[in-house]
Amino acid sequence: MEVPILRQGQFLIASIQSALTDADLSHLREALIAQVGRSRCRGVIVDVTALDVMDSFAVRTLRDIAHMARLRGAETVIVGIQPDVAFAMVQLGLTLKGVATVLDLEEGLAFLNRRTEERTFEAKPKKPSGRG
Amino acid sequence: MGEELRLPITADVDVVEARQQGRALAAVAGFSSGEQTVIAAAISEIARNILMYAKKGEITLSLVQNGDRQGVAIVAVDQGPGIPDIERAMQYGYSTSHGVGAGLPGAKRLMDEFEVDSVVGRGTTVTMTKWRRAI
């Protein structure tokens with residue numbers, strides 16, 4: 001089951017449509033990281049609304065995606081973790097430490113817009129000095 | 001109860017199938033959707049362990065009853081290399097396969113009863129049960 005990756009402006013959106021096997025998840029990781037470079041995007045949204053379960057492998061793969069994308073200059077945000085899935089993750093002792101998570105796709109886009117604006121701002125040189 | 005499902009685990013699609021069947025059975029037993037997900041996650045962890053360490057095996061799902069309590073029992077059997085140090089394998093975060101080390105200890109956290117029986121060179125059997133909370 002291949003996960004479609006759409007491009008929306010500066011961002012990539014991977015929208016998971018059904019339960020994924022470990023191989024599907026690994027494939028998604030490779031595809032996203034490759035595409036971050038190809039499309040020179042600044043942000044990645046992984047929509048997990050349709051995931052039935054987030055077990056240790058899924059959580060690790062999502063964490064890897066976020067960390068690898070960051071190394072390639074893109075911010076990642078995970079959206080759509082369902083209440084039952086969150087419940088099971090907590091019971092299992094799994095966290096997504098260091099990975100941004102927001103409620104849904106809309107929040108995800110808003111988050112990335114904010115983050116990429118901040119980064120652009122940070123990248124600008126500080127106030128011109130030594131004049132006058 | 002008679003309801004027993006035997007599922008071969010030989011590829012990663014079988015892991016998904018096993019946890020989905022487990023969820024369906026948990027729904028039949030009357031578990032809440034949160035607990036169905038918990039049971040599915042536990043099945044996912046032990047089914048992956050079969051693939052990772054033994055390459056193949058089998059998971060049996062069944063409905064169980066104790067007095068007026070209903071539950072789901074899961075038995076995972078493989079003829080793999082076995083676990084040399086079960087105590088260590090049950091430590092959260094310990095892994096011999098570059099995993100996150102949440103497989104066995106993770107599944108144990110999720111279930112009410114959990115037992116590992118393993119003989120090196122012969123294989124491993126994991127038996128676990130989740131009971132429905134009285135309302």
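## Helix α2 of chain A

Helix α2(A) has 16 residues and spans 23 Å from its first C-alpha to its last, close to the 22 Å expected at 1.5 Å a residue, where the expected span is 1.5 Å times one less than the number of residues. Helices here are DSSP runs of H or I with at least four residues, strands are runs of E with at least two, and both are numbered from the N terminus. This is a predicted model, in which local features need pLDDT of at least 70, side-chain atom pairs count only at pLDDT 80 or more, and totals for chains, interfaces and linings use all residues. Residues are numbered from 1 along each chain as its sequence is written, while chains are lettered from A and ligands numbered from 1 in the order in which they are written.

Within α2(A), the buried residues are Ser56(A), Phe57(A), Ala58(A), Thr61(A), Leu62(A), Ile65(A), Ala66(A) and Ala69(A); a residue is buried if 20 or more other C-beta atoms, placed from the backbone, lie within 10 Å of its own C-beta. Their cover includes α1, β3 and β4 of chain A, together with α2 (33–54) and α4 (103–110) of chain B. Just after α2(A) comes Gly73(A), with a positive phi of about 90°.

## The sheet and its helices

Chain A contains four helices and five strands, and from the N terminus on its elements follow the order β-β-α-β-α-β-α-β-α. The five strands form an open sheet in the order β1-β2-β3-β4-β5 (chain A), with mixed pairing; strands pair if DSSP finds at least two bridges between them. At the edges lie β1 (5–8) and β5 (100–102) of chain A, each of which pairs on one side only. Neighbouring strands of this sheet are turned by 25° against each other on average, direction ignored.

Strand β3 (residues 43–47) and strand β4 (residues 75–79) of chain A run parallel and are joined by five bridges, and Asp47(A) has Val79(A) as its bridge partner in β4(A). Helix α1 (residues 22–38) of chain A packs on the sheet, where it touches β1, β2 (11–15) and β3 of chain A, and its direction makes about 165° with that of β2(A). Helix α2 (residues 56–71) of chain A lies across β3 and β4 of chain A, at about 155° to β4(A). Such angles run from 0 to 180 degrees between N-to-C directions, with axes fitted to C-alpha atoms, for helices over the stretch in contact.

## The α1–α2 contact

The helices α1(A) and α2(A) pack at an angle of about 10°, with their axes 10 Å apart. That angle makes α1(A) roughly parallel to α2(A), a term used for angles under 35 degrees.

Among the residues making the contact are Leu25(A), Leu32(A) and Ile33(A) of α1(A) and Phe57(A), Ile65(A) and Met68(A) of α2(A), contact meaning that C-beta atoms, placed from the backbone, lie within 7 Å. By class, this contact has nine nonpolar, two polar and three charged residues; Ala, Val, Leu, Ile, Met, Phe, Trp, Tyr, Cys and Pro count as nonpolar, Asp, Glu, Lys and Arg as charged, and the others, Gly among them, as polar.

## Chain B against chain A

In the interface, 23 residues of chain B are in contact with 18 residues of chain A. The helix α2(B) gives the most to the side of chain B that touches chain A, with nine residues.

Note on methods
Contact = placed C-beta atoms within 7 Å. Parallel < 35°, antiparallel > 145°, perpendicular 65-115°, else oblique. Buried ≥ 20, exposed ≤ 12 C-beta atoms within 10 Å, placed from the backbone.
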